[in-house]
Amino acid sequence: MSRIPLDPRTAPPFQAAAKALLGDAQLRKNVRHATDVIQNKRRKLVEEKQDWQLLRESARQIRAHALQHLDVYLDEFERNFTRAGGTVHWARDAAEAQRIVVGLVKESGSSEVIKIKSMTTEEVQLNNALEAAGIHAYETDLAELIIQLGEDQPSHIVVPALHKNRAQIREIFRRTMNLPDLGDKPADLADAARRFLREKFLRVKTAVSGANFLIAETGGICIVESEGNGRMCLTLPDTLISVVGIEKVIPRWQDLEPLIQLLPRSATGERMNPYNSLWSGVHPGDGPRAMHVVLLDNGRTNVLADSEGRETLQCIRCAACQNACPVYRQTGGHAYGSVYAGPIGAILTPQLMHMEHSQTLPYASSLCGACYEVCPVKINIPEVLIHLRNKVVEQNGWYTPESLAMKAVAAAFRSERRFRAAQRLGRIAESPLVKSEKQKFSIVGQKQTGNTGWIGWLPGLLGGWTDTRDLQAMPEETFRDWWEKRGKA
Amino acid sequence: MKVALFITCYNDTLFPSTGKAVVEVLERLGHTVEFPAGQTCCGQMHWNTGYQVEALPLLPRFVAQFEHAEAVVVPSSSCVAMMREHYPMMAERIVAEGGDATLPQRTAVLLPRVWEFSEFLTKKLGLTDIGAYYPHRVTYHASCHGLRSLGLGDGPQKLLKAVRGLELVEISNLEQCCGFGGTFAVKNADVSSAMLSDKTRAVLNTGAEECTACDNSCLMHIQGALHRQRTGVTTRHIAEILAHTEASEAAEEAGETEVNV
Ligand code: SF4
């Protein structure tokens with residue numbers, strides 16, 4: 001059941017992937033429906049919170065503070081977690097994380113693991129590494145299970161199978177669980193998944209998880225979830241291995257309070273997650289006998305070093321930005337070529353990858369600001385996107401066609417004389433493309449007789465515009481020409 | 001009041017009728033309009049596309065042109081957003097690179113006097129009814145920058161509701177981006193077009209004759225599709241609606257005035 005993971009190093013450019021996905025009407029319908037439902041629930045629950053903006057601000061401060069003193073809090077976490085009987089491992093990159101986890105699973109004597117949703121393990125492509133070492137991983141988060149059984153890829157950071165509808169899920173279950181008579185009600189599907197997973201929970205003795213937060217003060221790990229399958233993974237096995245990005249640490253126990261209010265409301269439109277699990281270390285007779293945390297860097301310290309990109313790491317992975325993003329809502333998550341899709345993916349992936357593999361992602365946004373508006377920790381995503389675009393431009397140098405055009409326009413803007421010359425030149429340059437047309441489509445001013453020009457085709461870099469849109473030709477007189485004449489009159 | 005007009009590069013070049021309408025409204029309200037001739041562009045296109053080095057020189061240019069104005073009016077929400085969000089940062093960067101050390105202070109003093117056109121009317125002047133007449137069914141598109149960066153709220157709608165003869169019909173996806181996004185419309189043409197078709201469908205569903213906004217860049221985009229699809233629905237900047245009066249209507253009837261569309 002291995003599958004090709006989403007990998008920014010091999011993914012097609014966003015534009016190309018998006019174009020292909022825009023043709024999938026079913027997928028677009030599913031994504032739109034699911035994000036509409038979540039967004040409506042979210043909106044209601046946010047509206048009922050009078051102190052929402054205050055909550056956001058305190059969460060932002062907590063996260064920003066934690067990042068500013070990340071070394072201190074990670075140390076503190078390690079000390080406290082170790083004291084409670086757990087073991088901390090540090091992984092610089094994906095390969096090291098894979099090595100550590102594979103080693104730990106082997107040490108546990110198991111050739112199977114149960115997993116609870118962890119985008120971090122997707123990021124490091126852990127399942128494939130486990131598979132290669134002869135270890136089979138069972139995803140136990142319902143959405144991840146659907147992805148795994150369907151040999152698909154996650155498309156959303158909270159609801160990885162958001163792009164599938166119920167009928168499609170039923171088909172996957174029927175096929176892979178060998179259930180020809182499976183019904184199509186949500187309860188039927190949940191029941192099938194429960195039976196399928198229950199057997200794994202009782203049999204498999206090693207678990208791999210992610211985490212929502214690490215608490216430095218207590219050496220605690222926090223996972224919030226809706227299904228309870230996570231709690232099964234945390235409590236039933238003998239060995240628990242959590243793979244967590246280093247940015248997930250928060251200083252104090254009490255910092256959880258605003259975060260746990262913001263996260264479920266932003267993510268799924270719930271007041272509270274049905275399951276909020278917190279644990280630290282091992283306790284005789286209760287839960288796993290061995291606990292490991294793998295603290296993953298994989299590019300994060302580089303992000304931290306960049307003062308303008310750093311706030312990206314404040315993210316608590318609620319996906320509110322994804323649901324709100326009009327670009328994501330058109331294409332779904334696979335267009336982003338990474339496990340992190342939507343606005344957060346567009347800023348996180350290029351930074352984790354040092355940009356060279358995801359040059360198109362910073363441009364996968366109209367900068368409409370819907371993501372910033374909903375982000376519970378106030379990450380100014382549009383600002384970070386612009387910052388990354390600047391990096392892309394610097395990286396590509398000045399001799400691309402786009403760059404030369406931009407330079408020429410910028411030069412014109414630096415003097416009134418040159419600007420006016422460019423306006424004239426533009427009118428001359430466009431004139432062969434302009435089709436004159438009686439203003440029969442204008443409702444206002446129907447009495448007028450003048451013709452208006454329209455452009456239906458543009459060459460080169462601008463051609464994308466005229467695939468679906470016309471462009472009105474430049475009027476004969478610019479505003480400044482009119483103004484001057486008026487002054488003289 | 002002496003109002004300096006920053007017309008923006010694309011309004012100057014592509015939508016002069018908007019500028020004329022702004023002048024008309026402001027003068028009708030008794031203000032004196034100035035047009036500093038050395039103005040060009042706010043730098044948004046370059047800045048947002050990643051060409052920050054190219055955008056930087058436009059800031060000292062803007063400050064020099066406008067710092068003596070009592071108020072600066074800009075008929076473009078995205079250009080005002082560009083200024084408020086990025087000019088302070090740009091000024092700091094210019095200083096860091098050894099440029100004019102007075103720039104941050106001068107920028108900070110100037111920016112509070114810069115207003116988006118509808119915002120100037122509603123927030124600065126406290127007006128909603130400015131004596132316009134426009135007997136048409138119109139829908140309003142809230143441009144993202146006006147909505148989120150400037151917080152225009154329902155100011156533009158209030159202005160439109162006070163226009164005699166105008167029937168304002170609400171669009172269903174008011175908060176949704178039309179998909180323009182500057183160079184996004186070209187770089188990601190397919191996604192942009194998909195977003196646009198959602199928007200134009202919503203415009204057509206209102207049954208409006210016309211779609212208006214505080215930003216000609218969104219309108220150029222929406223108009224592009226409405227025209228391609230031969231829908232007969234047009235777009236018009238809010239200033240042009242507010243400039244319209246019974247007198248201009250009568251003049252049009254008589255065929256005296258040429259209307260710029
Ligand atoms: S960037 Fe903000 S909105 Fe998006 S997933 Fe992260 S926390 Fe949520």
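Helices here are DSSP runs of H or I with at least four residues, and strands are runs of E with at least two, both numbered from the N terminus. Keep that in mind as you open this predicted model and start the tour.

**Stop 1: chain A as a whole**

You will find 21 helices and 13 strands in it. Taken along the principal axes, its C-alpha atoms fill a box of roughly 95 × 55 × 45 Å. Chain A has 489 residues, and 58% of them count as buried. Among its contacts with a separation of 6 or more, 73% are between residues 24 or more positions apart.

**Stop 2**

Now go to helix 4 of chain A, residues 70-83, and show the side chains of A:Phe77 and A:Phe81. These two sit four residues apart, about one turn of the helix. Over all chains, the whole structure has 13 aromatic pairs. A:Phe77 and A:Phe81 make a stacked one, with 5.3 Å from centre to centre and 15° between the planes.

**Stop 2: a buried arginine**

Next, select A:Arg63 in helix 3 of chain A, which covers residues 52-68. Other residues in contact with A:Arg63 include A:Leu259, A:Leu313, A:Cys315 and A:Val377.

**Stop 3: salt bridges within chain A**

Stay in helix 3 and pick A:Glu57. The structure holds 47 salt bridges over all chains, and one of them joins A:Glu57 to A:Lys378, with the closest N and O atoms 2.7 Å apart. A:Lys378 lies in the loop between helix 17 (370-374) and helix 18, and A:Glu57 in helix 3, so this pair ties together parts of chain A that are 321 residues apart in sequence. A:Lys378 is partly exposed at 21%, and A:Glu57 is partly exposed at 21%.

For another bridge, select A:Asp238 and A:Arg289, whose side chains meet at 3.5 Å, N to O. A:Asp238 is in the loop between helix 11 (229-235) and strand 7 (239-245), while A:Arg289 is in the loop between strand 9 (275-279) and strand 10 (290-296), so the parts they tie together are 51 residues apart in sequence. A:Asp238 is partly exposed at 25%, whereas A:Arg289 is exposed at 65%.

**Stop 4: where the chains meet**

Show chain B as well, then select A:Asp470 and B:Arg230. Their side chains meet in a salt bridge of 3.8 Å, N to O. The pair crosses between chains, from the loop between strand 12 and strand 13 of chain A to the loop between helix 13 and strand 8 of chain B. A:Asp470 is buried at 6%, and B:Arg230 is partly exposed at 44%. Salt bridges that share partners also join A:Glu416, A:Arg420, A:Arg480, A:Asp481, A:Glu484 and B:Asp12 into one network.

A:Phe479, A:Trp482, A:Trp483 and B:Phe35 form one aromatic cluster. Then find B:Lys187: its charged end sits over the ring of A:Tyr363, 4.0 Å from the centre. Move on to A:Trp398, in the loop between helix 18 (381-396) and helix 19 (401-413) of chain A. A:Trp398 is partly exposed at 28%, and the residues it touches include B:Tyr51 and B:Glu54.

**Stop 5: into chain B**

Select B:Ser192 in helix 12 of chain B, residues 189-206. B:Ser192 is buried at 0%, and a polar contact of 3.3 Å joins its side chain to that of B:His221. Among the residues B:Ser192 touches is A:Arg469. The charged end of A:Arg469 sits over the ring of A:Trp465, 4.7 Å from its centre.

Finish at helix 8 of chain B, residues 117-124. Six of its eight residues are buried, so this helix is largely enclosed by the rest of the structure. The buried ones include B:Phe117, B:Phe120 and B:Leu121. Just after the helix, look for B:Gly126, which takes a positive phi of about 70°.

Definitions and conventions: Residues numbered from 1 in each chain as written. Chains lettered and ligands numbered in written order. Predicted model: local features only at pLDDT ≥ 70, side-chain atom pairs only at ≥ 80, totals over all residues. Heavy atoms only, no water. Phe/Tyr/Trp six-rings, centres within 6.5 Å; stacked < 30°, edge-to-face > 60°. Lys NZ or Arg CZ within 6 Å of the ring centre and 35° of its normal. Contact = heavy atoms within 4.5 Å. Buried < 20%, exposed > 50% of the residue type's maximum accessible area, 1.4 Å probe, protein only. Polar contact = N/O pair within 3.5 Å; in protein donor to acceptor, adjacent residues only side chain to side chain. Salt bridge = Lys/Arg side-chain N within 4 Å of Asp/Glu carboxyl O. Lists of a residue's contacts leave out its neighbours within four places in sequence.
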